[in-house]
Amino acid sequence: MDLNTVIKNLENTIEGKEEFYQSLTPPNLIHKDFNSELATMSVLKQFLRMNIDELKLILNDLKSITYFQGIS
């Protein structure tokens, strides 16, 4: 597996997680009687957002390696 394959796989992973993040019900639309559901959804969305942001940083690092090494 070469670096470009790793980059493409990471881009696909980020895209899938972004789609999942967007599909999650916003916490304010969850029924008010389900406080545990609200808390769970909120934590899940926050964790997923942090994960996506970290993956984007890794992706940028990998892309900079390919730039400086002249890999395309």
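Two residues are taken to be in contact when heavy atoms lie within 4.5 Å. By this criterion, in the predicted model, Ile-52 touches Ile-14, Lys-17, Glu-18 and Tyr-21, with residues up to four places away in sequence left out of the count.

The protein chain contains 2 helices and 0 strands. Helix H1 covers residues 3-23 and helix H2 residues 35-69. Of the 72 residues in the protein chain, 22% count as buried. When contacts between residues at least 6 apart in sequence are considered, 73% join residues at least 24 apart.

H1 comprises 21 residues, and the distance from its first C-alpha to its last is 30 Å, close to the 30 Å expected at 1.5 Å a residue. Its buried residues are Ile-7, Leu-10, Ile-14, Glu-18 and Tyr-21. Viewed down the axis of H1, these buried residues fall within an arc of 75 degrees and therefore line one face of the helix. The cover over the buried residues of H1 includes H2.

Buried positions in H2 are Met-41, Lys-45, Leu-48, Asn-51, Ile-52, Leu-55, Leu-59, Leu-62 and Thr-66. H1 is in turn part of what covers the buried residues of H2. After H2 comes Gly-70, which has a positive phi near 70 degrees.

The largest nonpolar core has 11 residues: Ile-7, Leu-10, Ile-14, Tyr-21, Leu-24, Met-41, Leu-48, Ile-52, Leu-55, Leu-59 and Leu-62. H1 and H2 each supply at least two residues of this core, and H2 gives the most, with 6. Ile-52 belongs to this core, as do two of the residues it touches across the sequence, Ile-14 and Tyr-21. Glu-18, another contact of Ile-52, is buried in H1.

Tyr-21 is also the site of two charge-over-ring arrangements. Lys-45 lies over the face of the Tyr-21 ring, 4.8 Å from the ring centre, and Arg-49 likewise lies over the face of Tyr-21, at 4.6 Å from the ring centre. Lys-45 is among the buried residues of H2, and Tyr-21 is among those of H1. A search of the whole structure for aromatic pairs finds 0.

Technical notes: Residues are numbered from 1 along each chain as its sequence is written. This is a predicted model: local features need pLDDT of at least 70, side-chain atom pairs count only at pLDDT 80 or more; totals for chains, interfaces and linings use all residues. Side-chain values use heavy atoms; hydrogens and water are left out. A nonpolar core is a set of buried Ala, Val, Leu, Ile, Met, Phe, Trp, Tyr and Cys residues joined through side-chain atoms within 4.5 Å. Buried means under 20% relative accessible area, exposed over 50%, partly exposed in between (1.4 Å probe, protein chains only). Helices (H or I, at least four residues) and strands (E, at least two) are DSSP runs, numbered from the N terminus. Rings of Phe, Tyr and Trp (its six-membered ring) pair if their centres lie within 6.5 Å; planes under 30 degrees apart count as stacked, over 60 as edge-to-face and the rest as tilted. A charge sits over a ring if NZ of Lys or CZ of Arg is within 6 Å of the ring centre and within 35 degrees of the ring normal. The expected span of a helix is 1.5 Å times one less than its number of residues. The arc is that of the directions from the helix axis to the C-beta atoms.
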